[in-house]
Amino acid sequence: MTRHFDIVIVADGRLPGGSSAALAEEIAIQARAGHRTALLQLDTTLLSARHPLAPRLRACLHRGELELALGSTPIRADLLLVRGPRVAAELDAE
């Protein structure tokens with residue numbers, strides 16, 4: 001069964017600072033507008049694999065504003081956003 005989201009964001013949600021802060025704010029705005037948003041986590045080589053999801057994004061998950069697109073279940077989105085040049089570069093490499 002395919003899971004549907006209004007918006008799917010492909011990003012490395014482990015990145016600290018302004019990147020995750022801006023992303024969390026966008027997600028909160030999307031939630032207030034009634035959109036269902038998912039994060040498709042793409043670990044970039046900028047951080048080691050042991051880094052957790054940024055605290056602001058974990059807060060979005062906790063508040064129900066964000067879901068993680070995990071596992072092998074297919075997903076569909078009305079809008080796909082790719083955040084960050086490193087993420088885009090690594091998508092191209094795959």
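The following paragraphs treat the strands, a helix and the salt bridges in turn.

This is a predicted model, in which local features need pLDDT of at least 70 and side-chain atom pairs count only at pLDDT 80 or more, whereas totals for chains, interfaces and linings use all residues. Residues are numbered from 1 along each chain as its sequence is written, and side-chain values use heavy atoms, with hydrogens and water left out.

Four strands make up an open sheet with parallel pairing, in the order 3-2-1-4. Its edges are strand 3 (66-68) and strand 4 (75-82), each of which pairs on one side only. Helices (H or I, at least four residues) and strands (E, at least two) are DSSP runs numbered from the N terminus, and two strands pair if DSSP finds at least two bridges between them. On average, neighbouring strands of the sheet are turned by 35° against each other, direction ignored. Axes here are lines fitted to C-alpha atoms, for helices over the stretch in contact, with angles from 0 to 180 degrees between N-to-C directions. Within the sheet, strand 1 (residues 3-11) and strand 2 (residues 37-41) run parallel and are joined by five bridges; Val8 has Ala38 in strand 2 as its bridge partner.

Helix 1 (residues 18-32) lies across strands 1, 2, 3 and 4 and runs at about 165° to strand 1; contact means heavy atoms within 4.5 Å.

The charged side chains come next. A salt bridge is a side-chain nitrogen of Lys or Arg within 4 Å of a carboxyl oxygen of Asp or Glu, and by this rule there are seven. One of them joins Arg3 and Glu67 at 2.8 Å, N to O. This pair links distant parts of the chain, with Arg3 in strand 1 and Glu67 in strand 3, 64 residues apart. Arg3, Glu67 and Arg36 are linked in a network of salt bridges. Arg3 is partly exposed at 24% relative accessibility, as is Glu67 at 26%; buried means under 20% relative accessible area, exposed over 50%, and partly exposed in between (1.4 Å probe, protein chains only).

Another salt bridge connects Arg83 and Glu26, with the closest N and O atoms 2.7 Å apart. Because Arg83 lies in the loop between strand 4 and helix 3 (85-93) and Glu26 in helix 1, the pair ties together parts that are 57 residues apart in sequence. Arg83 is partly exposed at 32% relative accessibility, and Glu26 is partly exposed at 27%. Glu25 and Arg32 also meet in a salt bridge, at 3.9 Å, N to O. Glu25 is partly exposed at 43% relative accessibility, whereas Arg32 is exposed at 63%.
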